Amino acid sequence: MPAVRMSDQEFRVISEFIHQTWGLKMPPAKRVMLESRLSKRLNRLGLTTFKEYTEYLFSPLGLENELVHMIDVVSTNKTDFFREPGAFTYMSQHILPEMIAGRGAGVKKRLMVWSTACSTGEEPYTLAMVLSEFSEKYPGFGFDYFILATDVSRKVLDKAQRAVYEHERVEAIPFDLRRKFLMKSKDPTQRLYRVVPELRSRIRFRHMNLMEDFGLREPMDLIFCRNVIIYFERETQAGLLKRLCDQIVDGGYMIMGHSETLNGMNLPLVSVAPMIYRKVA
Ligand SMILES: C[S@@+](CC[C@H](N)C(=O)[O-])C[C@H]1O[C@@H](n2cnc3c(N)ncnc32)[C@H](O)[C@@H]1O
């Protein structure tokens with residue numbers, strides 16, 4: 001079915017709405033993608049023009065029911081287990097020992113980690129594997145941790161919560177960790193794996209739009225904010241990162257994606273390694 005045509009005015013209105021609601025950039029280069037993907041929504045709704053679609057979108061019914069679908073049309077959910085693995089190695093080898101020695105984080109009080117745009121769950125489950133391995137390696141510490149994993153898309157959060165992944169997805173996990181932390185489907189015709197309950201119980205998945213108040217009471221020791229700010233304008237990035245910094249304890253860490261730079265943003269962070277920043281008072 002061919003895409004429905006979107007006028008310049010309709011593109012301006014819709015892209016501005018997306019920007020205002022989720023902070024996502026919608027430059028003219030994305031117009032064809034938006035037109036084609038939203039055309040499928042029009043079809044589903046039995047609408048034939050973008051005029052009808054915008055009328056629906058801005059009606060009380062549309063604002064209530066359409067946003068949950070629209071975010072999946074406009075956002076990128078690409079993720080992997082052990083994505084940009086240097087960050088996890090650095091966390092185990094440097095951050096955790098330093099935090100335990102310094103503030104007793106994870107020992108006197110459980111370590112709080114936040115995966116801010118967790119997509120389908122690969123990032124928080126990777127974190128849980130690495131943190132559990134660390135805890136086992138040093139049983140004397142009595143190391144304890146908790147992971148908050150948030151995303152604005154309900155669809156990815158549902159998948160994350162199910163914790164079921166195809167064979168190709170789990171291949172990025174080192175073999176010994178796969179054996180330890182994944183259960184294979186009993187049905188031999190399905191090459192599916194589920195994360196073990198012990199790791200699942202360490203993570204709380206929650207719906208959150210990072211453009212809104214986080215509503216979190218507990219401060220975080222570590223925040224993973226990877227591969228999400230690239231979709232925001234620089235001003236939006238700086239505003240979000242300032243609020244995230246307020247959520248980190250002094251001496252805590254912010255972990256970014258490898259293509260995301262915080263240069264010139266005037267944040268209370270110092271760079272300690274590629275992708276890794278420590279919060280300073
Ligand atoms: C490319 S994925 C990154 C996943 C993971 N952090 C990683 O690095 O592999 C980006 C995620 O950001 C989420 N996202 C986009 N805008 C958001 C917003 N305003 N608030 C919260 N999450 C958002 C998307 O739904 C998507 O799942």
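Trainee: Quick one to start: in which helix is Leu-199 found?
Mentor: Leu-199 is in helix H11, which covers residues 197-200. Helices here are DSSP runs of type H or I with at least four residues, strands are E runs of at least two, and both are numbered from the N terminus.

Trainee: Before I go on, what am I looking at, and how are the residues numbered?
Mentor: This is a predicted model, where local features need pLDDT of at least 70, side-chain atom pairs count only at pLDDT 80 or more, and totals for chains, interfaces and linings use all residues. Residues are numbered from 1 along each chain as its sequence is written, and side-chain values use heavy atoms, leaving out hydrogens and water.

Trainee: Thanks! Back to Leu-199: buried or exposed?
Mentor: Buried, with a relative accessible area of 0% for Leu-199. Buried means under 20%, exposed means over 50%, and partly exposed is in between (1.4 Å probe, protein chains only).

Trainee: And how far is Leu-199 from Ala-128 in space?
Mentor: From C-alpha to C-alpha, Leu-199 and Ala-128 are 6.0 Å apart, although 71 residues separate them in sequence.

Trainee: Nice. Switching topic: how many disulfides are there?
Mentor: A search of the whole structure turns up 0. To count, two cysteine sulfur atoms have to be within 2.5 Å.

Trainee: What about Cys-118 and Cys-245, are they buried or exposed?
Mentor: Cys-118 is buried, with a relative accessible area of 0%. Cys-245 is buried too, at 1%.

Trainee: OK, rings next. How many aromatic pairs are there?
Mentor: The count comes to 14. Rings of Phe, Tyr and Trp (its six-membered ring) pair if their centres lie within 6.5 Å; planes under 30 degrees apart are stacked, over 60 edge-to-face, and the rest tilted.

Trainee: What does the pair of Phe-50 and Tyr-53 look like?
Mentor: The rings of Phe-50 and Tyr-53 are edge-to-face, with 6.2 Å from centre to centre and 85° between the planes. Both residues belong to helix H3 (residues 50-57), and because they are 3 residues apart there, about one helical turn separates them. Phe-50 and Tyr-53 are both buried.

Trainee: And how are the rings of Tyr-125 and Tyr-165 arranged?
Mentor: Their centres are 6.2 Å apart and their planes stand at 75°, so Tyr-125 and Tyr-165 make an edge-to-face pair.

Trainee: Where in the chain do those two come from?
Mentor: From distant parts of it: Tyr-125 is in helix H7 (residues 122-137), Tyr-165 is in strand S3 (residues 164-166), and they are 40 residues apart. Tyr-125 and Tyr-165 are both buried as well.

Trainee: Last one: which residues make up the aromatic cluster with Phe-134?
Mentor: Phe-134 forms one aromatic cluster together with Tyr-138, Phe-141, Phe-143 and Tyr-145.
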